[in-house]
Every structure is written in C-alpha cells, then in structure tokens.
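Biologist: I'm new to this one. Please pick a single part and take me through it slowly, then show me what surrounds it.

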Number of protein chains: 2
Amino acid sequence: MLVVQKYGGSSLATTELVKHVATKITQTVQQGNQVVVVVSAMGDTTDDLIARSEDLVTNPVAREMDALLATGEMQSAALMAMTLSAQGTPARSFSGWQAGIRTDGEHGKARIQAVNPEALQAALAEGIVPVVTGFQGIGPDGAVTTLGRGGSDLTAIAIAAALDADRCEIYSDVAGVFTADPRVVPLAHPLAALSYDEMLELASQGAQVLQTQAVLYARGAGVAVHARSTFDDEPGTVVRDDVRSSDGPVTAVALDSHITKMALLGVPDTPGVAAYVCEQLASSGINIDLVFQAVSHEDERADIALTIADSDRDKARGILTQVLKDLGGRQLLVDSEVAKVSAVGAGVRNHPGVAATMFRALADAEINIQMISTSEIKIACIIHRHEAQQALNRIHAAFNLEDRD
Amino acid sequence: MLVVQKYGGSSLATTELVKHVATKITQTVQQGNQVVVVVSAMGDTTDDLIARSEDLVTNPVAREMDALLATGEMQSAALMAMTLSAQGTPARSFSGWQAGIRTDGEHGKARIQAVNPEALQAALAEGIVPVVTGFQGIGPDGAVTTLGRGGSDLTAIAIAAALDADRCEIYSDVAGVFTADPRVVPLAHPLAALSYDEMLELASQGAQVLQTQAVLYARGAGVAVHARSTFDDEPGTVVRDDVRSSDGPVTAVALDSHITKMALLGVPDTPGVAAYVCEQLASSGINIDLVFQAVSHEDERADIALTIADSDRDKARGILTQVLKDLGGRQLLVDSEVAKVSAVGAGVRNHPGVAATMFRALADAEINIQMISTSEIKIACIIHRHEAQQALNRIHAAFNLEDRD
C-alpha cells in the first residue's frame with residue numbers, strides 16, 4: 001500500500017517526539033508499505049522566524065518572508081530524514097521545489113497548481129522514504145512560495161493525489177473529528193467517517209482538525225483523508241465522499257465563540273442597502289458569516305445584523321460607523337458576547353424536523369436565539385456567549401450523538 | 001562598477017549588525033554601483049543546527065546534514081533582502097540553486113563546477129540587489145550541497161568570476177591582511193596588497209582572513225579579492241596577481257602554535273622509509289606540514305621528524321607507534337611544545353640573504369631552531385612554543401615590516 005503521512009509541528013516539537021514519529025514511520029514501512037512523509041516546521045520554529053524578521057523590518061517583502069519561513073520545514077525534513085536513516089529506514093528529504101510542487105506564485109497564500117511526482121516516484125522505486133517539506137512550493141518565477149495556514153495538510157493531500165496513494169493520513173495531537181469539541185461536550189466521541197461537506201462545515205465552525213483549503217482540495221481530487229493522533233494507534237476519522245456516517249440526520253455539533261455581532265439600526269429599506277454594507281466590509285478583506293435583515297413596517301426603515309470574526313471587530317466598527325453615516329441610519333450596535341452553535345450533517349437536507357429539534361432543545365433550556373442560518377447540511381444559531389457550552393451539550397444530546405458507534 | 005560583497009557570520013550576528021551591513025550595501029548602491037551580496041549564516045546558527053542534529057543522530061547522513069545546514073544561509077539571505085528592501089534598496093534572496101551555483105555533489109565539501117549567472121544578471125538588469133546564500137550549491141542529482149569551511153568566500157569569488165565583476169570584497173571583523181597577527185606583534189599593520197601565493201602561504205600559516213580554497217579559486221579565475229572590515233571604511237587588503245607589495249623581500253610574518261612535532265628515532269636509513277611514514281599518515285587523512293630526515297653516520301640509522309596539526313596528534317601517535325614497530329625503530333618522540341614562525345614574501349626567491357636575516361634574528365634572541373622549511377616565497381622555522389611571540393616580533397623587526405606605508 002502507498003501511504004502519505006503528514007505530521008504537524010506539535011508532533012515534532014521535541015527530540016523525543018521526532019524519534020517517536022520516525023519509529024511510527026519505520027513501523028509503517030516494516031509492515032510492507034511504501035511511505036511518503038510530509039512534515040511541518042518543528043514546534044515554534046515558524047513563530048521564531050517571524051519574530052526574527054519583525055526585529056528587523058515592520059512590513060517584510062512577501063517573497064522574502066516566504067524564503068525565510070520555508071527554511072523551517074526544510075530543517076524538519078532534513079532532521080527527520082537523518083533520524084529515519086539512523087533507524088535503518090532509508091530516507092531522503094525533499095524541499096517543495098525538489099518534490100515538484102508548483103504553485104501560482106502568490107506569496108504567503110500560494111495555491112498548488114501541479115505536482116510533478118517523478119522525483120518522489122524515483123525515490124520510492126529505490127526503496128527510499130521521501131520526506132517532503134509541507135507548506136511550500138515553487139512559483140512560476142522560481143521563487144519559493146508558502147501555502148498559508150494549514151498548508152502542510154494541503155501538501156500531503158496534493159502529493160497523495162499526484163501519486164494516486166492508497167491512504168493519506170494527517171497526524172496531529174487530536175484523535176480525529178469528534179461529534180463535538182470534547183473540552184466543551186464531555187460526551188463527545190470520535191467519528192469513524194464523515195463527508196467532505198460535513199468536514200468543511202465543521203472546519204469553518206471552529207473544528208481545527210483539518211484546514212478548509214485542504215479539505216476543498218481533497219474533495220476536488222477525491223482523496224480520502226484519515227485524521228489520526230500521533231500519540232495512539234486508534235483508526236481516527238476518515239473524511240471522504242458520500243459517507244453515511246450516522247443513522248441520524250446530524251453528524252456533529254460545533255461551537256464558535258470568536259465572533260462578534262454587529263447591527264445597523266434604522267437604515268433605509270431600499271434595494272441594494274444590504275449589498276452596499278457587505279461590499280464595504282468585503283473590500284477591506286473582512287469575511288461576513290451570517291447576515292440578517294428585518295424591516296420595521298412602521299417607518300419603512302430596516303435593521304441589518306451580521307456576524308464577523310472577533311479579530312475583525314475594530315476594523316469593521318470603523319467601516320460600519322462610516323456606512324451608518326452614509327446611509328443615514330440610526331445606530332450601530334456591536335455585541336461580542338455572542339457565540340454560534342451549529343448542527344452539521346449530510347442528513348439535514350432530507351430531514352425537515354432537524355431545525356425544530358434544535359430550536360426545541362434551546363427553548364427547553366431557556367436559551368434565546370438571536371439569529372439563525374441554515375444550509376443544506378447545517379443549522380446555525382447565534383446565542384449569548386455565556387450560554388454556549390450549555391447549548392452545545394443540549395443539542396449534542398437532542399440528536400443522540402452520545403449514543404452512536 | 002559591479003561589486004560582489006561577502007559578509008561573514010560574525011558581521012551578521014545581531015539585529016544591529018544586519019542593519020549596519022544593509023546600510024553599507026545601500027551606500028554602495030547609492031554611489032552608483034551594481035552590487036551582488038553573498039551572506040554566511042548568522043552568528044552561531046550553523047553550530048546550533050549541528051547541535052540539533054547531534055541530539056537526534058550520531059552520524060547523520062551527509063546529504064541531510066547539507067540540507068539542514070544550508071537553511072542557515074537561506075535565513076540570512078531572506079532577512080538581509082527584506083532589510084535592504086525596507087531601506088528602499090530593492091533586493092532579492094537567492095539560494096545556491098536559484099543563483100545557478102552547480103557543484104560536483106560531494107556532500108559537506110563540494111567544489112563549485114560552474115556558475116550560471118543568468119538569474120543574477122536578470123535581477124541586476126532590473127536594478128535589484130541579489131542576496132546570495134554562501135557556502136552552498138546544487139549537485140548533479142539536484143541535492144543541496146555545502147562547500148565546507150570558508151565556502152562563503154568561495155561563493156563570492158566564483159560569482160565575481162562568473163559575472164566578470166570589477167571588485168570582490170570579503171568583509172569580516174578583521175581590517176585585512178596584516179604584516180603579522182596584531183595580537184602577537186603590536187607593531188603589525190595592514191598590507192595594501194599581496195599576491196595570491198603570499199596569501200596562500202599566510203592562510204596555511206594560521207592567518208584566518210581568507211580561506212585557502214577560496215584563494216586558490218581566485219588565483220585560478222584571476223579575481224582580485226579585497227579583504228576588508230565590516231566595521232570601518234578602510235581600504236583593506238587587495239589579493240591579486242603579481243603584486244609588488246613591499247620594498248623588502250618579506251611581506252609578512254606568520255605564527256602557527258597549533259602544531260605538534262613527532263620524531264621517529266633510529267629507523268633504517270634505506271630508500272622508501274620516509275615515503276612509508278608519510279603514506280601511513282596520509283591514508284588516515286592526516287596532513288603533514290614539515291618533514292625532516294637526518295642520518296646518523298655511526299649506526300646507519302636515520303631520524304625522521306615531522307609536524308602535524310595538534311588536532312591530529314592522538315591519531316598520528318597511534319599510527320606512528322605501529323610504524324615504529326614495523327620499521328624496527330628505536331623511539332617515538334612527541335612534542336606539542338613547538339610553534340612555527342614563517343617569513344613570507346614574493347621577494348624571498350630573489351634575495352638569498354632572507355634566510356640569513358631570519359636565522360640571525362632568532363640567534364640574537366638566543367632562540368633555538370629545531371627544524372627549517374623553505375619554499376620559493378617562504379622560510380619557516382620550528383621553535384619552542386614559549387619563544388614564539390618573541391620570535392615573531394624579532395623577525396617582524398628584522399625585515400623592517402613596521403616601517404612600511
């Protein structure tokens with residue numbers, strides 16, 4: 001079997017961990033598999049390199065920041081290859097350019113355009129384990145480019161697709177994808193499988209197991225992704241197409257506490273107002289999650305409410321203050337004491353009763369719903385942040401998620 | 001003018017130093033020059049990376065050690081390029097492979113085989129300062145290779161040759177090549193110029209300004225090398241062909257205190273004995289400096305004395321103990337309380353009185369000469385280590401080296 005294994009920075013943070021991971025790889029080889037390894041930078045390396053650049057320059061050139069950060073993964077790959085070799089497992093490190101990973105050249109957030117797998121195939125044919133730097137590739141002009149956050153997952157999935165690998169395993173300090181964050185919902189447990197779409201909804205809802213871009217790439221390439229823990233031998237969670245992961249309509253629930261609600265009160269109820277608000281935020285790079293518009297029939301004025309990430313709050317407040325003025329609105333409300341709870345499942349689209357079950361669970365706990373958003377596979381509610389933990393447990397229970405497996 | 005400037009690790013050890021060096025480069029550009037910069041790894045980076053590998057593996061694979069160590073210069077180049085850009089001097093980092101530096105692929109001690117300067121020329125044509133990683137290139141199989149000690153000097157000289165640069169400046173914390181080590185000879189002063197051959201003799205005698213391999217490459221390529229200080233604007237020393245650096249026959253004196261004398265007493269006085277001794281040491285990678293053979297006419301036995309680096313002492317003692325046994329010799333003497341003082345100058349070959357002047361200077365100070373070695377441009381004497389400092393000052397004075405300029 002041809003297996004791609006990706007190990008994140010927290011799995012490589014100490015000498016002991018590097019040796020432990022090398023032993024896992026060696027075992028996989030000894031079981032008769034061909035293995036390609038993808039590594040992130042070790043521990044805090046990337047943050048340390050950023051700090052070194054900040055000591056010198058306030059806004060470093062993106063090309064040079066990429067050249068600098070890419071060295072973290074190069075060090076990981078070289079150290080892992082020499083550790084494997086010392087264990088008697090022939091291994092060879094590959095930088096992004098050596099592994100044939102070609103990107104669109106967008107520094108700091110490059111997209112993989114093609115993987116030329118010849119060099120990796122040649123190593124595999126020699127019985128050598130290629131150890132590839134995650135997070136990087138080479139742009140059209142020959143410059144090193146990094147892929148942005150979560151880029152090492154993407155590297156592993158792209159290589160698995162290019163090599164037509166049998167498995168793509170993403171190792172981290174989490175044992176897979178859970179029915180809910182176990183720190184919030186004690187009865188949460190790992191899922192054996194879920195679909196790409198479910199994973200995408202969960203990723204954007206705050207579950208940090210697999211990065212959104214990586215899941216999108218996996219869905220496009222049809223690569224099944226195994227999310228597993230570096231620290232045990234449990235099977236973890238498989239993310240793949242058309243999975244029927246559960247009997248019920250809901251697969252998992254998610255919580256995002258890092259959001260802020262903003263509301264423009266008393267703006268004109270005319271076409272294009274909501275579009276104007278959204279455009280102003282989008283042109284500053286602010287992602288809007290939920291949008292809700294209500295019309296008051298008394299004075300023909302409307303209220304527009306939306307949610308954004310907490311980190312965009314100050315920027316958004318400045319923009320919306322101006323927008324309120326432009327529109328002749330009455331008031332801008334900013335509320336960071338909110339959270340979003342979501343129920344995600346491929347079965348949501350076919351089960352009209354899902355929304356009712358969720359709202360009933362919140363109502364029984366006397367939790368007020370401020371905003372609602374639905375998609376084919378998700379129902380999300382904005383509630384008060386202090387009630388979020390209780391809400392998530394109630395919803396988890398309402399869909400019998402603790403009873404599975 | 002097209003100038004190649006190389007900055008060593010001690011010139012880049014702190015944030016302040018990196019900014020200082022960037023300012024020097026910017027000034028050179030503002031004076032109307034085109035500049036190519038070559039950088040070493042910053043401060044202790046290389047030693048830190050070696051320590052990290054040693055934590056994991058005892059004998060790391062040479063290929064992976066190269067991949068690991070090369071990241072130190074990559075970080076330097078990226079940080080320097082972003083610092084230059086922040087100063088308004090457009091700059092771009094180049095790894096060895098990006099700069100077109102091709103080696104023979106010998107990991108850890110690769111030799112530069114060719115430099116394809118197209119990428120650097122393209123950057124220069126755009127008004128961009130290329131910042132190239134020293135110490136590394138790419139082998140025939142696409143692997144990163146390092147050049148060994150002093151490799152960054154070699155990188156700068158090879159690039160200067162490939163670009164047909166007008167100047168090649170090697171910056172360090174030393175103000176050039178001196179008539180003697182100023183820590184030993186207070187009256188020593190920097191030389192304006194000296195020949196490649198003189199520099200080679202001085203480099204092998206312990207002067208650490210330019211590395212031997214780099215000087216050999218410069219001589220072969222006909223590149224004039226300026227050794228200058230990062231910390232002042234003095235002109236430094238030019239190393240070039242056929243220079244008449246001085247009025248007298250001797251240009252500089254050198255001291256090497258890190259040598260050991262070994263003597264095999266009472267070995268047969270037959271042809272091939274000295275060759276056998278040297279072969280045994282050479283096959284273990286031990287360089288012999290001076291060799292001296294004396295024949296005792298009483299018993300037809302010979303004494304063979306030689307000098308080696310202190311660092312080879314224990315290995316050489318083991319080999320020569322066996323050699324003594326093989327040859328039926330009488331005794332092995334090992335003496336580390338020795339030093340070598342040398343007088344170097346292109347004029348030595350044409351001035352028969354040079355040796356006499358040197359021996360007279362030592363005799364007047366009642367310093368005993370244990371061994372003598374001469375070449376066309378050098379006279380070297382082995383003396384007792386405790387007398388070395390006094391000897392060097394005496395010789396320096398005897399050739400009037402303090403009176404120049």
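Modeller: Let's start with a pair of helices: the axes of helix 1 of chain B and helix 3 of chain B come within 9 Å and cross at roughly 60°. (Axes are lines fitted to C-alpha atoms, for helices over the stretch in contact, with angles from 0 to 180 degrees between N-to-C directions; helices are DSSP runs of H or I with at least four residues, strands are E runs of at least two, and both are numbered from the N terminus.) The model is predicted, with pLDDT of at least 70 needed for local features and 80 or more for side-chain atom pairs, while totals for chains, interfaces and linings use all residues. Residues count from 1 along each chain as its sequence is written, chains are lettered from A and ligands numbered from 1 in written order, and side-chain values use heavy atoms, leaving out hydrogens and water.

At that angle, helix 1 and helix 3 of chain B are therefore oblique to each other (under 35 degrees is roughly parallel, over 145 roughly antiparallel, 65 to 115 roughly perpendicular, and the rest oblique). On the helix 1 side of chain B, the contact (heavy atoms within 4.5 Å) uses B:Val18, B:Lys19, B:Val21, B:Ala22, B:Ile25 and B:Thr26. Helix 3 of chain B answers with B:Met80, B:Thr83 and B:Leu84. Sort the residues of this contact by type and you get six nonpolar, two polar and one charged (Ala, Val, Leu, Ile, Met, Phe, Trp, Tyr, Cys and Pro are nonpolar, Asp, Glu, Lys and Arg charged, and the others, Gly among them, polar).

Helix 3 of chain B has another partner. Its axis and that of helix 2 (residues 45-56) of chain B come within 9 Å, crossing at roughly 150°. By type, the residues of the contact between helix 2 and helix 3 of chain B are five nonpolar, six polar and one charged.

Now for the sheet. In chain B, eight strands make an open sheet with mixed pairing, in the order 3-6-2-1-9-11-12-10 (two strands pair if DSSP finds at least two bridges between them). Strand 3 (91-94) and strand 10 (193-195) of chain B are the edges, each pairing on one side only. From one strand to the next, the twist averages 20°. Strand 11 (residues 225-229) and strand 12 (residues 237-240) of chain B are joined by three bridges in the antiparallel sense, and B:Val225 has B:Val239 of strand 12 as its bridge partner.

Both helices we began with sit against this sheet. Helix 1 (residues 15-30) of chain B packs on it, touching strands 1, 2, 6, 9 and 11 of chain B, and its direction makes about 175° with that of strand 1. Helix 3 of chain B packs on the sheet as well, touching strand 2, strand 3 and strand 6 of chain B, with about 160° between its direction and that of strand 6.

Next, look at the loop that links strand 1 and helix 1 of chain B, where you'll find B:Ser11. With 0% relative accessibility, B:Ser11 counts as buried (under 20% relative accessible area; exposed is over 50%, partly exposed in between, using a 1.4 Å probe and protein chains only). Setting aside neighbours within four places in sequence, B:Ser11 contacts B:Leu17, B:Val21, B:Tyr171, B:Ser172 and B:Thr230. B:Val21 also belongs to the contact of helix 1 with helix 3 of chain B.

B:Asp164 has a positive phi of about 55° although it isn't a glycine, and at 64% relative accessibility it counts as exposed. B:Glu366, in the loop between helix 10 (353-364) and strand 17 (371-375) of chain B, has a positive phi near 55° and counts as exposed at 71%.
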